[in-house]
Amino acid sequence: MSSVSKVAIVTGAGTGIGKRTALALLQEGYSVSLAGRRAETLEMTAAEAGQSGCRTLVVPTDVAQPASVRSLFAKTNEVFGRLDLLFNNAGTGAPPVLLEDLTFEQWKTVVDVNLTGAFLCTQEAFKIMKSQEPRGGRIINNGSISAHVPRPNSAPYTATKHAMTGLTRSSALDGRKYDIACGQIDIGNAATEMTERMNDGVPQADGSVMVEPRMDADNVARAVVYMASLPLDTVVQFMTVMASKMPYIGRG
């Protein structure tokens with residue numbers, strides 16, 4: 001790290017992978033805007049950072065709302081003066097009901113947060129990164145194992161994570177002329193609040209229920225920090241980080 005702090009925005013920074021990654025970036029010397037819907041969890045992340053918490057900016061944000069996203073990026077630029085890294089991490093899922101029983105509202109909520117939210121943040125990041133000096137920056141998207149294979153009864157989440165791969169590729173291509181590098185990290189079974197149910201067993205494609213291994217979420221955070229540490233002429237386009245014994249390779 002240089003003596004001048006690099007600046008990151010992490011969405012979904014109040015819990016789980018977003019929280020662990022924000023803390024890891026702070027440890028690396030970044031200044032970090034913590035974005036998420038609940039101010040209290042963002043404040044907890046900032047508090048957990050200890051002395052590094054002085055380099056945080058807490059910005060309650062709904063990534064599905066264009067005005068909220070614009071405000072997040074405007075405040076970040078106003079306070080820190082630039083943007084070097086966007087971690088598009090915010091995400092949500094629908095209840096694991098039968099595909100034919102999903103409501104339109106359940107589908108739309110997942111699409112609005114996981115896909116439209118990532119697009120809106122990417123768009124605002126482009127505007128700052130292409131105009132600042134020195135120019136450029138990096139965007140890392142949280143794809144998920146679901147960007148490759150679905151779980152049962154997960155159509156909205158799986159569809160948006162497949163779409164995230166397309167957004168990553170388009171952003172990588174369209175960002176070249178501005179020195180904006182874009183990559184994706186696909187995460188499997190990190191030990192967070194979202195995956196606690198795996199300790200009790202989750203449905204498998206063959207109809208069985210199985211307890212699935214999980215991994216420490218700090219392993220993901222370190223991977224994101226590595227991706228972010230590269231010079232802008234180098235990109236990890238896609239990385240998969242997962243619990244090594246989870247059902248994915250070989251589908252079992």
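**View 1. Parallel pairing of strands β2 and β3 in the predicted model.** Strand β2 (residues 31-36) runs parallel to strand β3 (residues 56-60), and five bridges join them; two strands pair if DSSP finds at least two bridges between them, and helices (H or I, at least four residues) and strands (E, at least two) are DSSP runs numbered from the N terminus. Within this pair, V32 stands opposite T56 in β3. Residues are numbered from 1 along each chain as its sequence is written. The model is predicted, with local features needing pLDDT of at least 70 and side-chain atom pairs pLDDT 80 or more, whereas totals for chains, interfaces and linings use all residues, and side-chain values use heavy atoms, without hydrogens and water.

**View 2. Positive phi at S144 and N153.** S144, in the loop between β5 and α5 (155-175), has phi near 100°, and at 7% relative accessibility S144 counts as buried (under 20% relative accessible area, with exposed over 50% and partly exposed in between; 1.4 Å probe, protein chains only). N153, also found in the loop between β5 and α5, has a positive phi of about 60° and, at 37% relative accessibility, counts as partly exposed.
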